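Biologist: Could you walk me through this model, one question at a time?

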Amino acid sequence: MENKIIYGVTGIFDTPDEIISAAKQVKSSGFERFDVHSPYPIHGMPKAMRLGASPLGYFALVFGLTGAFAAFALMTYLMGYDYPLIISGKPFIPIPAFIPVTFEVTVLLASVGTVLAMLFLLFKLPNNSHPLHDTDYMKKVSSNKFGVCIEAKDEKFNEAEVIEFLKSIGAKDIEVIYYDNEALNFKVNIFEWMFVAFLVVSALVVSGATYIVLNKLMFAPPFNWMMEQHRLDAQVESKFFGKGNFSMRVAPAGTVSRNSNQFKFSGQPELADAKLINPLIPTEENLRKGMKKYDIYCSPCHGYYGIGDARLNGQFPNPPSLHSEKVRNWGDGHIFYVITEGQNSMPSYSSQLTNEEKWAIVLYVRALQRAMNAKEEDVK
Amino acid sequence: MSIEVLKEPSVIEGKPTFVEIDEQISSPIDKSPNIKYLIALGITSTMLLIGVISIGATFFYGIGLWGNNNPVGWAFDIINFVFWVGIGHAGTLISAILFLFRQKWRTGIARFAEGMTIFAVMTAALFPLIHVGRPWLAGYLFPYPNQHHLWVNFTSPLLWDVFAVSTYFTVSFVFWYIGLIPDFATLRDRAKSGVKKVIYSILSLGWRFSNRHWHNYEMIYLILAGFATPLVLSVHTIVSFDFAVSIMPGWHTTIFPPYFVAGAVFSGFAMVQNVLIIIRKIFNFEHIITLDTLEKMNKIMLATGSMVGYAYGMEFFIAWYSGSQFESFVFINRAFGPYAWAYWIMVSCNVVFPQLFWFKKIRRNIPIMFVIAVLVNVGMWFERFVIIVTSLAHDFMPSSWAYYKPTLVDFGILIGSSGLFFTLLLLFIKAMPVISIAEVKAVLDGAQPHHHTHNGGRNGK
Amino acid sequence: MIAINYQRKELPSKLMKIGVLLLGLGFILALLGYAIDHERAAFNGVILLMFVMSVGLGSLFLIGLEYLVGADWSVPFRRIMEILAIVVFAVPVFSLPLFANLHSLFHWTHIEDVLKDPILKNKIPYLNEMFFSIRSTAAFVLMFLFWWLLAGRSFGQDYAPTGNFRKVTIRISALFMPIFAIVLTFMAVDWLMSLEPHWFSTIFGVYYFAGTFSVALAVITLFAIYLNENGYLGEGIGGDHYYNFGALLFAFTNFWAYIAFSQFLLIWYANLPEETFWYLHRWEGSWAVISVGIIIIHFIVPYAVLLPQPAKSDPKRLKFIAWWLVFAHFYDLYWLVMPTYSASGAVFGWMELYPVLIALGTILILFYTFAKNKNLLPIGDPKLPKGINFHL
């Protein structure tokens, strides 16, 4: 039998009261490297073993504050500086809206961080090759007994004395625990063939999967990024309109292009004045049409009587009066030109009025001009 | 006053020994599944399969397979999401909040309830994922540097949901797992087969039952419970923000956060109670999941159901008081419009039937309490239906109104979600201890040392 | 009767002296206030009314809660809660000067303006002086009734216990809870929310409840600790009781912050002018400082002080935080009420002191007077020994 290195000596107790008093006695006898094992936490044991307060609260505080600060800072930077967008009219750094995420990240980091710190740093778990594993002692304390283990690393340790001591405080089933030499001597070999094979296989699997996903799967429906869409493309043969037909259809007969009705005298008001003649006769019907259209389209700026006293007074530059000498001397064509092309602040009204309507307005304007400069005989 | 009044009933009845606890709780795991279990698993797996097919079809053909229309853009997808997240809340409440209140009666049910939380949250998380239409782009929900130079909208409650639900899942999982470590270690030491021993050794991380570790373990449990409590409140609050931050009448109302949380606890407890009644019967856990425990759960249902009723009343009153015709209309429309049938199911199941729990006889009668809890679950599902669908279907402009009808695919996904939840639960029962072995042992009579009255601060010290 | 080690000790008369001093000073300031500027005095009167209502109704609620959940740890100081709840009888007294000043307080009493305003006109069936008075009166009557049912009946149990007292009181508590919810909500809606009658918030009742729970528990904590430290509670309560005080105060500080934040976030986010104006009024001028202050005073400080585990059972910290929370509740009510009076900025002068002085004076005087010749422990309660020996 090879030389076994001793880990410690264990003893079993039956009741919680016994284990509490045993713990107190072990501690007061001066042992530092010892432990108590039980299937569940015993009230008052930390005090009996004189363990200090758990540091986990501080871990939680630090992790939590870090999480809070990090989340808030990240959101502030991303939404306030990196790519600010106006969302619902809120400020770029809307503090109330940042609170929920900040809170969640605080809790997440505090909880997970503290747990991981506890497991890895404080407990140094996972560790399945501790000398106490697989012993009868462990089988008992994980079920229904309570135990004390005094480690050999303790300064006051002496195998025989410790066994006597444990007997004296009432321990049963006293057992000496040894290290598992195999576990102790285990050396990590980085070139172990199983590990290398595992690395190679995982590299192959991962790269293969990545290739398939990014180059094949992405182009298969439904993942192909809406690349293939059931829509009608102009230059492509259309399924909808039948074989040999493009989705882009030929215009039906009689279609006139939008810009085909160009105003002949565009940019040439004198020519319009000279060449254009009002095709409409000043009948009551035409004048009424003109009045109606004038009231709708012209009165906002020119006023109802053409004086320029419009209800947009002040908000838009007031137009000069239509009863000035200049305008009264214009030909009908010139007025038609101004309505069609606009001038200065006045826009073109071609998109709102048909040519016929414009001529009717010209009639009405003439009527207004005559009314403004009425002579004796007009009243008769 | 007789002594019986003074004595509190034992948390665990019958005075089992530690070894008996080990055996009783491990027995479902040790035994191979019997025919009843296999039939149950068959049923839930079929339900799950229906869901998988429905979801697969949805992925392939698109959300058009659902009944969602304009204006009812959210329907079964979000109803189911809120429903399942709510179910999860009972677990955390039992685990964390009852722990903080030092209620020992939680011991028998805490592990199971936590498991239900995790499975419910997993089921719930499906819905935001599948309802976006192209779930494979879900990575964009997380803020990572990308070539579009775009970030997520941190001010949107939909994004808060992403953080809240993932945090809730992670923390619940960690809490549950920490609780399982000592039990895995116990199972490791009891394991006869080599394979089981290896699995439990890995899962238990090598836990040694050292009191130096228990000391910190208790602290982490308290810390996790202390964090899980505001977390669970925040999760359903953030879910309620999905609706309440809008301007929709019927959605935009300040009482939504506590109302949703109370409703979540209400429906969660109903589901937990139902499942526990079945479990305790099948696995003979009646002395651990006692009638007293069930009665206390019914009381919690009564309390939270009353809070939900209060919220209904307040919403109704303020809808009138506010003077907003849109708000008043929504409430009248709920009660008398095209979805009145859903509204009255909701009111009767949530407000009327749970009031029966005022009576002790009913609180302690298992068949009746089972039925009431089923009705509560139905009622709470309909509450989300009423809130979401009626507000959307009849909002501001009558010209935008439309009636929503779910399709078979919608129902398939709903059935599938239940299938997922119950399948996971059944698998859980066979694979892990559904009752916390270590915690139960710790609350048995005689498990803790008798300590003399310690005077921490008596009379001014 | 259970053999408890309890000797009745009469409370020191200096409690009464301090109470009379505070009440007297407060009363003089109030009189002067009503004489000089009755509108401002009336607004302060609302703060006084709602503070005392919080303490009284809150204590009744805590008593009812104890019976309903079957708590043991609070049995030793339940008598303190029962005596403290007597302040509900002072509530109607404080409402009298307010009823005389309804026109200064509430815009909805200005009928000509109401008739011109379609929104206010719609509320007339609820916001009219007659129905308002009926509601308050009904609330006061219910408070008196439940004081007797929940608190008053328990004093007789000390020497002539009836076997089914607890059972009956549990049923009364069950009945009380929905009534409490309705009374508290509508008192908050009437006296606080209707100060700005265009505004509405479904969570307002819950908000007032959060403040009520905190302040009632804080006052009870103060009485319990002071009395315990001076030997008035017999064998006394211990560190574990203190821990529960600390944990509950901590929890409800969080709860208050949660409710306050929910209300704010939803209104801020939706940005509807019909709701946001209430918060904008509290951002006008120096009100902005007060608003930021309420977060610090009502949430951040109590949170930080009570967060560490040992802090929750430390009597010194508990007393400090309990006093702090009492003033935080005054601050909360000031922030709720005063912006309606002075819209351009906060006003604080000698007049704003009178609600504090009168409230604290009244509580001390009523407690002292009513506690005369009464046991400070409910010695007839069979749960008392368990409550005293309570351990976590």
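What follows is a short exchange on cores, helix packing and chain contacts.

Modeller: Ground rules to begin with: this is a predicted model, where local features need pLDDT of at least 70, side-chain atom pairs count only at pLDDT 80 or more, and totals for chains, interfaces and linings use all residues. Residues are numbered from 1 along each chain as its sequence is written, while chains are lettered from A and ligands numbered from 1 in the order in which they are written.

Biologist: Which residues touch the most other members of the largest nonpolar core?

Modeller: A nonpolar core here is a set of buried Ala, Val, Leu, Ile, Met, Phe, Trp, Tyr and Cys residues joined through C-beta atoms within 7 Å. Buried means 20 or more other C-beta atoms within 10 Å of a residue's own, exposed means 12 or fewer, and partly exposed is in between, with C-beta atoms placed from the backbone. The largest such core has 314 residues, and the ones touching the most other members are C:Val52, C:Leu84, C:Val219 and C:Ile220.

Biologist: Is B:Tyr168 buried or exposed?

Modeller: B:Tyr168 sits in helix H6 (residues 157-190) of chain B; helices (H or I, at least four residues) and strands (E, at least two) are DSSP runs, numbered from the N terminus. Setting aside neighbours within four places in sequence, B:Tyr168 is in contact (C-beta atoms, placed from the backbone, within 7 Å) with B:Val121, B:Leu231, B:Val232 and B:Val235. With 29 other C-beta atoms within 10 Å, B:Tyr168 counts as buried.

Biologist: How are H5(B) and H15(B) oriented to each other?

Modeller: Helix H5 (residues 107-130) and helix H15 (residues 408-431) of chain B pack at an angle of about 150°, with axes 9 Å apart. Axes are lines fitted to C-alpha atoms, for helices over the stretch in contact, and angles run from 0 to 180 degrees between N-to-C directions. Angles under 35 degrees count as roughly parallel, over 145 as roughly antiparallel, 65 to 115 as roughly perpendicular and the rest as oblique. So H5(B) and H15(B) come out roughly antiparallel.

Biologist: And how are H12(A) and H13(A) oriented to each other?

Modeller: Helix H12 (residues 332-341) and helix H13 (residues 355-372) of chain A have axes 10 Å apart and pack at an angle of about 125°. A:Asp332, A:Ile335, A:Phe336, A:Ile339 and A:Thr340 in H12(A) meet A:Lys358, A:Trp359, A:Ile361, A:Val362 and A:Val365 in H13(A). The residues of that contact divide into seven nonpolar, one polar and two charged (Ala, Val, Leu, Ile, Met, Phe, Trp, Tyr, Cys and Pro count as nonpolar, Asp, Glu, Lys and Arg as charged, and the others, Gly among them, as polar). H12(A) and H13(A) are therefore oblique.

Biologist: What supplies the largest share of the side of chain A that touches chain B?

Modeller: The contact takes 61 residues from chain A and 56 residues from chain B. By class, the chain A side has 41 nonpolar, 15 polar and five charged residues. Its largest share, 17 residues, comes from H4(A).

Biologist: Which helix gives the most to the side of chain B that touches chain C?

Modeller: That contact takes 33 residues from chain B and 39 residues from chain C. The chain B side has 16 nonpolar, 14 polar and three charged residues. With six residues, the helix that gives the most is H10(B).

Terms used. Two residues are in contact if their C-beta atoms, placed from the backbone, lie within 7 Å.
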